[in-house]
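Please open the model in your viewer, with the sequence panel beside it, and follow the stops below in order.

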Amino acid sequence: MSNSTQSAYAAAGVDIEAGDRAVELMKASVARTRRPEVLGSLGGFAGFFDASALKSFRQPVLASSTDGVGTKVAIAQALDKHDTIGFDLIGMLVDDLVVSGAEPLFVTDYIACGRVVPERIAAIVSGIAEACITAGCSLVGGETAEHPGLLGPDEYDIAGATTGVVERDAILGPHRVKPGDAVIGMEASGLHSNGYSLVRHVLLTEAGWSLERHVDELGRTLGEELLEPTRIYALDVLDLITKAEIHAMSHITGGGLVNNVARVIPDGMKAVLRRSSWTPAPIFQLVRSVGSLSQADVDATLNMGVGMVAILPRDQVHNAFAALAARGVASWVLGDIVEHDGPGAATLM
């Protein structure tokens, strides 16, 4: 490429040198995520994972998931704090995957921005890398794209994809669920990464609160609460599966508790969840009260303090509690599976 062409591209708003600098800054973070099966290094055209590692499986099934963070990135941008949003991305990816019983192996990411600021991109990727370490998977590659004119200079969005593996006969899901099974909930770290369009509309637009506002009910500023990273349950869940007989699991994301649990309930059964079994963190009541929202509205949008759900035989509950407590995950009996005349369903009572 000639110098004149490079200058023309820069004049159009794309800074190749800044992109190269961002890659250099993120290399150390990415290297820390490297599993022994990963081949090559950052900067190639593709990431490589040695599939011979799967030879120990009898019938390996690959699982994949893709997702983004949504409008929570607007909070990171407003606070100019970019090193935690990666936990939200990886949480959305690997915890969708792990509910099937699959072990996350590797992740690729995609960052679109209005202007490449190398230090900002490196901060985003450092968070993604730290989250990959928390999830036990490798960040094998990604893409940073500069979109001048489409995104503002300080705007960005992130997305990613993950691949994992599970033995075919170990896949968790509705086919294992039985009447009389218990449903246990696992505590969320906060809002996680869902419902932020509603939360931002209620608290920032309509109520006019600033992110710097200290909120007594929260014990910190609104911005600190809204930027709280998504809890990553992947290794907790993989350990749980070895310690207790698990039939199915549900990652509680967009659509709320009832809708996500219903996805893993077979026809002829219903999950009856008891609202009295837990107390949601203050942020959930705050959003409801400030926005004058109905309980149905918040239930259908927010996780209400439940980040992950497991369905298991009643006699396995003690084993599950012990396994989760050992990993610092608060859990409780959320409800039960009962027979039901109709399609698989869930209800919150």
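Which residue just after α6 takes a positive phi? Select Gly208, whose phi is about 75°.

Before going further, note that this is a predicted model, in which local features need pLDDT of at least 70 and side-chain atom pairs count only at pLDDT 80 or more, whereas totals for chains, interfaces and linings use all residues. Residues are numbered from 1 along each chain as its sequence is written, and side-chain values use heavy atoms, with hydrogens and water left out.

**Helix α6**

Now select residues 196–206, which make up helix α6; helices here are DSSP runs of H or I with at least four residues, strands are runs of E with at least two, and both are numbered from the N terminus. Its buried residues are Tyr196, Val199, Val202 and Leu203, where buried means under 20% relative accessible area, exposed means over 50%, and partly exposed lies in between, for a 1.4 Å probe and protein chains only. These four residues lie on the same side of α6, because they cover an arc of only 140° around the axis, the arc being that of the directions from the helix axis to the C-beta atoms. On the face turned away from this buried side, colour the exposed residues Thr205 and Glu206. If you then display α3 (73–79), α7 (222–226) and α10 (282–291), you will see what the buried residues of α6 pack against, contact meaning heavy atoms within 4.5 Å.

**The six-stranded sheet**

Next, show the open sheet of six strands, which follow the order β10-β12-β7-β13-β11-β14 with mixed pairing; two strands pair if DSSP finds at least two bridges between them. At the edges are β10 (248–251) and β14 (345–348), each of which pairs on one side only. Neighbouring strands are turned by 25° against each other on average, direction ignored.

Strand β7 is largely enclosed by the rest of the structure, because five of its six residues are buried.

**The nonpolar cores**

Hide the cartoon and show side chains for the largest nonpolar core, which has 67 residues; a nonpolar core is a set of buried Ala, Val, Leu, Ile, Met, Phe, Trp, Tyr and Cys residues joined through side-chain atoms within 4.5 Å. The members that touch the most others are Ile90, Ile158, Leu226, Leu257, Val261 and Leu334, and helix α5 (residues 118–135) gives the most to this core, with seven residues. Apart from it lies another core, of 22 residues, among them Ala244, Met308, Ala323 and Leu324.

Centre on Val261: leaving aside neighbours within four places in sequence, Val261 is in contact with Ser250, Ile252, Ala271, Leu273, Val309 and Ala346.

**Two aromatic pairs**

How many aromatic pairs does the structure hold? There are two, a pair being rings of Phe, Tyr or Trp (its six-membered ring) with centres within 6.5 Å, where planes under 30 degrees apart count as stacked, over 60 as edge-to-face and the rest as tilted. Select Phe49 and Phe106, whose ring centres are 5.3 Å apart and whose planes meet at 40°, so the pair is tilted. Phe49 is in strand β2 (residues 48–49) and Phe106 in strand β4 (residues 103–113), 57 residues apart. Then select Trp278 and Trp332, with centres 6.1 Å apart and planes at 25°, so this pair is stacked. Trp278 and Trp332 are both buried.

**Asp299**

Finish at Asp299 in helix α11 (residues 295–299), which counts as buried at 16% relative accessibility. Beyond four places in sequence, Asp299 is in contact with Gly255, Gly256, Leu257, Arg275, Met304 and Leu348.

Methods
Axes are lines fitted to C-alpha atoms, for helices over the stretch in contact, and angles run from 0 to 180 degrees between N-to-C directions.
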